[in-house]
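This report covers the overall build of one protein and the open spaces on it. The sequence and model come next.

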Amino acid sequence: MFKLFTKKNTISKIEEKQLDMSNIPKHIAIIMDGNGRWAKERNMPRTYGHKAGVETIREIVKECSELGVKYLTLYAFSTENWARPKEEVDTLMKLLVQYLRNEFEELNKNNVVINSIGDISKLPKVCHEELNKAYEKTKNNTGLTLNLALNYGGRVEIVNSVKEIAKLVEENKIKVDDIDEKMIEKYLYTSGMPDPDIIIRPSGEQRLSNFLLWQCAYSEFWYSDVKWPDFTKQNLVEAIFDYQNRDRRFGKVK
Ligand code: IPE
Ligand code: IPE
Ligand code: MG
């Protein structure tokens, strides 16, 4: 089945994208970047960009849900982002709570499972309480799983997995030779989820910034200069369209 998307671009040329609905990525991961620069271009404080970025989250979550994507992982706050000015960190945490409170009904109605990856116990109490509440109330939904990456770091995630496994060795529950990829995966935050098929990074940067380091082994990368507050569902469709035209070989020959 194909679905036709029509996009008006800046020179108002009509561009059509035909998405193959039988090849929608199962797992899309997005590094939501460029909020600060978007605000700066408007002579506004960085926090203004973060507020605008929340509007994009709404649109993209809805679109992914409608397209039948199973997992959407949004990089919202990295383990390194604590080094930002306190005012900015506080605003990001407030926006998270507001987002969960304002969007909960709609997300639940749309059958979305709200989940997080990262060490949320280090977030302000109100944030992890709100997240746990949302998780409890939506865990039996069967639609899109929305993974919010919060206080997330790919290296810490791998270190934690290694520690869990080392404990098992120490307690003589397993042997060193029992350790394999599956076991490492079992102790990652993303345990039980498929690896991201595509990682999208807007704002012109072309790096991972400590995102899903283990899981990205065979992900397709898609970059765009559009800053996150300006990112639209048409950009998402474009990314999926390009993804569908990539040749994923996984090291094999065809
Ligand atoms: C992404 O936008 C949001 C977070 C990292 C929380 P930035 O705040 O990194 O925006 P830029 O990259 O400075 O423009
Ligand atoms: C990555 O963006 C983290 C999030 C989007 C949450 P950053 O803006 O923090 O990454 P760098 O500093 O440009 O690598
Ligand atoms: Mg950034």
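A pocket here is an open set of grid points with protein on both sides within 12 Å along at least five of seven lines, and its lining residues have an atom within 4 Å of a point. The model is predicted.

The protein has seven helices and eight strands. Its radius of gyration is 19 Å, close to the 18 Å from the globule rule for 254 residues, so the protein is as compact as a globular protein of that length. The C-alpha trace spans about 65 × 55 × 35 Å along the principal axes. Of the 254 residues, 49% count as buried. Among contacts with a separation of 6 or more, 71% are between residues 24 or more positions apart.

| Pocket | Volume | Lining by class |
|---|---|---|
| Largest pocket | About 620 Å³ | 15 nonpolar, eight polar, seven charged residues |
| Second largest pocket | About 160 Å³ | five nonpolar, four polar, two charged residues |

The largest pocket is lined by 30 residues, and Met-32, Asn-35, Tyr-75, Ala-76 and Asn-81 are the closest to its centre. At least two lining residues come from each of the helices α1 (35-41), α2 (46-67) and α3 (86-109), and likewise from each of the strands β4 (71-78) and β6 (145-152).

The lining of the second largest pocket includes Ser-116, Ile-117, Gly-118, Glu-157, Asn-160 and Tyr-187. Two or more of its lining residues are given by β5 (113-117), and two or more by α5 (154-170).

Technical notes. Residues are numbered from 1 along each chain as its sequence is written. Chains are lettered from A and ligands numbered from 1 in the order in which they are written. This is a predicted model: local features need pLDDT of at least 70, side-chain atom pairs count only at pLDDT 80 or more; totals for chains, interfaces and linings use all residues. Side-chain values use heavy atoms; hydrogens and water are left out. On a 1 Å grid over the protein atoms alone, a cavity is a set of points where a 1.4 Å probe fits but cannot get out, and a pocket is an open set with protein on both sides within 12 Å along at least five of seven lines; lining residues have an atom within 4 Å of a point. Grid points are joined across faces, edges and corners, and a volume is the space filled by probe spheres set on the points. Helices (H or I, at least four residues) and strands (E, at least two) are DSSP runs, numbered from the N terminus. Ala, Val, Leu, Ile, Met, Phe, Trp, Tyr, Cys and Pro count as nonpolar, Asp, Glu, Lys and Arg as charged, and the others, Gly among them, as polar. The radius of gyration is taken over C-alpha atoms; the globule rule is 2.2 Å times the number of residues to the power 0.38. Buried means under 20% relative accessible area, exposed over 50%, partly exposed in between (1.4 Å probe, protein chains only). Contact means heavy atoms within 4.5 Å.
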